[in-house]
Amino acid sequence: MDDALELTPVDSAEAYRGFLRIESRQYRLPDGRDTRWDVLLGGRTVAVVALTEDGRVVLARQFRPGPGAVIDELPGGMVDSGEEIAAAAARELLEETGYAAASVEVVGSSWLAGFSTIRRYAAVARGCRRVTDPVPAGDEFSRAVELDLADFVAHVRGGELTDADSAYRCLDALGLLGG
């Protein structure tokens, strides 16, 4: 760690609590000045690239309030307290798509953003097959859609996916990025 770049915490206070939680944090800069940052609070999330037995990719089609549109995205969501990442990936896949996986592998993680405490995990689910209708939690509504691998890669590259970083990490873990 480079101590010359460290900020010293001075104060914090809850700034907003709704679906999202935001904390206003005051820090002392290395030059002695104080600054405030809004920090998005949260725990762990997981997004899943789910492959069917015949190599198609299962996505969850649902309305997303940020983009304000119905989009096809990776199944995923919050990891419950004490829950294993792979178990959360399997649960979210089943809830949002109705598909169960023969196996789930966690392939990496990253921070949501520099202003967030949320750690995002990426998982690959293999041998997925539809076993029930989606049963999304709370106020979510979703429908499962399948894309062949080439169409999925084009979808990721097209920038219409909210978890593109996780999708790329999974494609890399599957050896599908080339190079």
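**Notebook: pockets and a helix pair**

I went for the largest pocket to start with, and about 1,300 Å³ of space lies in it. Rolling a probe the size of a water molecule over the atoms shows where empty space is left. My note on terms: on a 1 Å grid over the protein atoms alone, a pocket is an open set of points where a 1.4 Å probe fits, with protein on both sides within 12 Å along at least five of seven lines, and lining residues have an atom within 4 Å of a point. The volume is the space filled by probe spheres set on the points, which are joined across faces, edges and corners.

Before going on, I jotted down that this is a predicted model, where local features need pLDDT of at least 70, side-chain atom pairs count only at pLDDT 80 or more, and totals for chains, interfaces and linings use all residues. Residues are numbered from 1 along each chain as its sequence is written, and side-chain values use heavy atoms, with hydrogens and water left out.

Back to the largest pocket: 36 residues line it, and Phe 19, Leu 20, Arg 64, Met 78 and Glu 140 are the closest to its centre. I sorted the lining into 16 nonpolar, nine polar and eleven charged residues. Here Ala, Val, Leu, Ile, Met, Phe, Trp, Tyr, Cys and Pro count as nonpolar, Asp, Glu, Lys and Arg as charged, and the others, Gly among them, as polar.

Next I checked the second largest pocket, with about 210 Å³ of space. Its lining includes Leu 7, Arg 25, Trp 37 and Trp 111. By class I got seven nonpolar, three polar and one charged.

Then I looked up the elements and found three helices and eleven strands in the protein. These are DSSP runs numbered from the N terminus: helices are H or I with at least four residues, strands are E with at least two.

Last, I looked at helix α2 (residues 149-157) and helix α3 (residues 164-173), which pack at an angle of about 140° with their axes 10 Å apart. The axes are lines fitted to C-alpha atoms over the stretch in contact, and angles run from 0 to 180 degrees between N-to-C directions. That makes α2 oblique to α3, as angles under 35 degrees count as roughly parallel, over 145 as roughly antiparallel, 65 to 115 as roughly perpendicular and the rest as oblique.

Which residues of α2 meet α3? I found Leu 149, Phe 152, Val 153, Val 156 and Arg 157 on the α2 side, meeting Ala 164, Ala 167, Tyr 168 and Leu 171 in α3; contact means heavy atoms within 4.5 Å.
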